[in-house]
Amino acid sequence: MGNNLVQEAKRLGLDKDVKPNDTILIIGDLARWNAQGRGVVSYENFKFSEFSSLTAPVFANMAPTIVLSPLVGDNFDVIDVAIRLTELKYGGRYRAIAEDVPNEDMIRKEVRTHAPDLDFDLLTVPRAANDG
């Protein structure tokens, strides 16, 4: 159970201080992902949430160690998530996932402007081969 979490965290470059019982919260466009056949089901230590569902009670119940989201979603962006996490007094790591961002430092600076105490960084990944 926990070993899969550690392996996936290593694959994503998130393995610094990841423990087998840590929870990774993935914020995203779950309805669209499901409609596209990319079924989203929480398993082991991975939890999923729509941005709009991220309330204090839901967040407290999940108690994530790491939060991941796309840089831009259908109804939110990295700034929205950073502000919400700050409002929820989140003290863990937040990483936004993006493809080929031309100016990563500009994004980091903008997030720090809105959420200066948040442990934030970008995870850049190459464009997927099957993307159109």
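A residue counts as buried when its relative accessible area is under 20%, as exposed when that area is over 50%, and as partly exposed in between, using a 1.4 Å probe and protein chains only. By that scale Asp 29 is buried, at 5% relative accessibility. The structure is a predicted model, in which local features need pLDDT of at least 70 and side-chain atom pairs count only at pLDDT 80 or more, while totals for chains, interfaces and linings use all residues. Residues are numbered from 1 along each chain as its sequence is written, and side-chain values use heavy atoms, with hydrogens and water left out.

**Overall layout**

- The protein has five helices and five strands; these are DSSP runs numbered from the N terminus, with helices being H or I of at least four residues and strands being E of at least two.
- Along the sequence, the elements follow the pattern α-β-α-β-α-β-α-β-α-β.
- Of the 132 residues in the protein, 42% count as buried.
- The accessible surface comes to about 7800 Å², and 50% of it belongs to carbon and sulfur atoms; accessible areas come from the Shrake-Rupley method with a 1.4 Å probe, and for residues only the protein chains shown count as cover.
- Among contacts (heavy atoms within 4.5 Å) with a separation of 6 or more, residues 24 or more positions apart account for 65%.

- Strands S4 and S5 run parallel and are joined by seven bridges; two strands pair if DSSP finds at least two bridges between them.
- Within this pairing, Arg 95 has Asp 121 in S5 as its bridge partner.
- The chain passes from S4 through H5 to S5 in a right-handed β-α-β crossover, a term that applies if, with the strands pointing away from the viewer, the path from the first strand over the helix to the second runs clockwise.

**Salt bridges around Arg 108**

- A salt bridge here is a side-chain nitrogen of Lys or Arg within 4 Å of a carboxyl oxygen of Asp or Glu, and the count by this rule is five.
- Glu 104, Asp 105, Arg 108 and Asp 121 are linked in a network of salt bridges.
- Arg 108 is buried, with a relative accessibility of 14%.
- In the bridge between Arg 108 and Glu 104, the closest N and O atoms are 3.0 Å apart. Both residues lie in helix H5 (residues 104-114), four residues apart, about one turn of the helix. Glu 104 is partly exposed, at 25%.
- Asp 105 also forms a salt bridge with Arg 108, and here the closest N and O atoms are 3.0 Å apart. These two are three residues apart in H5, or about one helical turn. Asp 105 is exposed, at 55% relative accessibility.
- Arg 108 and Asp 121 form a salt bridge in which the closest N and O atoms are 2.5 Å apart. Because Arg 108 lies in helix H5 and Asp 121 in strand S5 (residues 119-125), this pair ties together parts that are 13 residues apart in sequence. Asp 121 is partly exposed, with a relative accessible area of 27%.

**Surroundings of Asp 29**

- Asp 29 sits in the loop between strand S1 (24-27) and helix H2 (30-35).
- A polar atom of the Asp 29 side chain lies 3.1 Å from the backbone nitrogen of Asp 74.
- Leaving aside residues up to four places away in sequence, Asp 29 touches Glu 50, Gly 73, Asp 74, Asn 75 and Phe 76.

- Most residues other than glycine have a negative phi.
- Ala 63 is not a glycine, yet has a positive phi of about 45°. Ala 63 is placed in the loop between helix H3 (56-62) and strand S3 (66-70), and is partly exposed at 49% relative accessibility.
- Asp 100, likewise not a glycine, has a positive phi of about 40°. Asp 100 is found in the loop between strand S4 (93-99) and H5, and is exposed at 56% relative accessibility.

Terms used
A polar contact is a pair of N or O atoms within 3.5 Å; within protein, one must be able to donate a hydrogen and the other to accept it, and residues adjacent in sequence count only if both atoms are side-chain atoms.
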